[in-house]
Amino acid sequence: MPRPRRNAPEADAEPPPDPVDLLAPARRETLDRAIGVLAEYSPAPGALGDLPQVSVPAADILSACVACRDDDVLDCRMLLCLACVDYEDRFELVYILQSLAREQSLVIRTAVSYESPALPSVCGVWPAADWYEREAHDLFGVAFDGHPDLSPLLLYPEFDGYPGRKSYEFNEYREF
């Protein structure tokens with residue numbers, strides 16, 4: 001007879017380890033350096049899989065990005081990706097940065113309100129942010145203050161709504 005499944009964890013089970021504790025030593029060093037460099041922005045340490053991650057307030061995202069790029073040790077001279085995640089009560093913007101010289105990555109996260117999502121643009125820090133920010137604007141309605149051209153990248157100019165949002169109503173698709 002099969003054993004019944006339980007939804008609750010075992011009472012004596014150990015809590016899962018902190019993801020920061022699972023980082024490799026070199027990645028932990030990157031996280032510690034980032035925490036030090038970004039200390040004035042009240043960074044919260046974390047890990048995104050096996051990548052070191054810091055969360056900063058939205059008002060400080062531009063300054064934090066500049067600090068990570070300009071720090072001689074972090075040397076985050078490349079933006080690999082900028083992604084927007086819809087949590088229905090807020091958006092989180094995830095910046096994945098790369099140091100080519102050190103062959104290390106760093107993730108910076110920030111949250112913006114769902115009602116009026118806006119952040120400063122980081123196009124002046126990394127020109128590669130241009131299309132990523134336009135995509136987040138098209139699909140989620142996130143405004144990037146100081147962006148040189150937030151014209152539609154994926155949608156046509158008259159498109160109504162933001163199809164990346166979980167609240168966006170999709171019509172039933174029918175094959176003809």
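Buried means under 20% relative accessible area, exposed means over 50%, and partly exposed lies in between (1.4 Å probe, protein chains only). By that rule serine 121 is buried, with a relative accessible area of 8%.

## Basis of the model

This is a predicted model: local features need pLDDT of at least 70, side-chain atom pairs count only at pLDDT 80 or more, and totals for chains, interfaces and linings use all residues. Residues are numbered from 1 along each chain as its sequence is written, and side-chain values use heavy atoms, with hydrogens and water left out.

## Serine 121

Serine 121 sits in the loop between strand E6 (118-120) and helix H3 (129-140). Helices (H or I, at least four residues) and strands (E, at least two) are DSSP runs, numbered from the N terminus. The side chain of serine 121 reaches the backbone nitrogen of cysteine 123 at 3.1 Å. That is a polar contact: a pair of N or O atoms within 3.5 Å; within protein, one must be able to donate a hydrogen and the other to accept it, and residues adjacent in sequence count only if both atoms are side-chain atoms.

Serine 121 and leucine 62 are 59 residues apart along the chain, yet their C-alpha atoms are separated by 7.2 Å. The two residues are also in contact, meaning heavy atoms within 4.5 Å.

## Threonine 110

Threonine 110 belongs to strand E5 (residues 104-113). Its relative accessibility is 2%, so it counts as buried. A polar atom of its side chain lies 2.9 Å from the backbone nitrogen of alanine 58.

## Helix H1

Helix H1 (residues 25-37) has 13 residues. From first C-alpha to last it reaches 18 Å, close to the 18 Å expected at 1.5 Å a residue. The expected span is 1.5 Å times one less than the number of residues.

Which residues of H1 are buried? They are Thr30, Leu31 and Ala34. Seen down the axis of H1, these buried residues fall within an arc of 100°, so they line one face of the helix. The arc is that of the directions from the helix axis to the C-beta atoms. An α-helix has 3.6 residues a turn, so residues three or four places apart point the same way. The cover over the buried residues of H1 includes strand E1 (44-48), strand E2 (51-55) and E5. On the other side of H1, Pro25, Glu29 and Gly36 are exposed.

E1 and E2 pair in the antiparallel sense over five bridges. Two strands pair if DSSP finds at least two bridges between them. Alanine 44 stands opposite serine 55 in E2. E1 and E2 form a hairpin with two residues between them. Glycine 49, in the turn, has a positive phi of about 65°.

Aspartate 75 has a phi near 50°, a positive value in a residue other than glycine. It lies in the loop between helix H2 (61-70) and strand E3 (78-86). Aspartate 75 is buried, with a relative accessible area of 14%.

Glutamate 88 also has a positive phi, near 70°. It is found in the loop between E3 and strand E4 (90-99). Glutamate 88 is exposed, with a relative accessible area of 53%.

## Salt bridges

How many salt bridges does a search of the whole structure find? It finds nine. A salt bridge is a side-chain nitrogen of Lys or Arg within 4 Å of a carboxyl oxygen of Asp or Glu. One of them joins aspartate 21 to arginine 28, the closest N and O atoms being 4.0 Å apart. Aspartate 21 counts as exposed at 56% relative accessibility. Arginine 28 is partly exposed, with a relative accessible area of 31%.

Asp89, Arg90, Glu92 and Arg109 are linked in a network of salt bridges. Aspartate 89 meets arginine 90 at 3.1 Å, N to O. Arginine 90 also bridges to glutamate 92, with the closest N and O atoms 3.1 Å apart. Arginine 90 is partly exposed, with a relative accessible area of 27%. Glutamate 92 is buried, with a relative accessible area of 8%.
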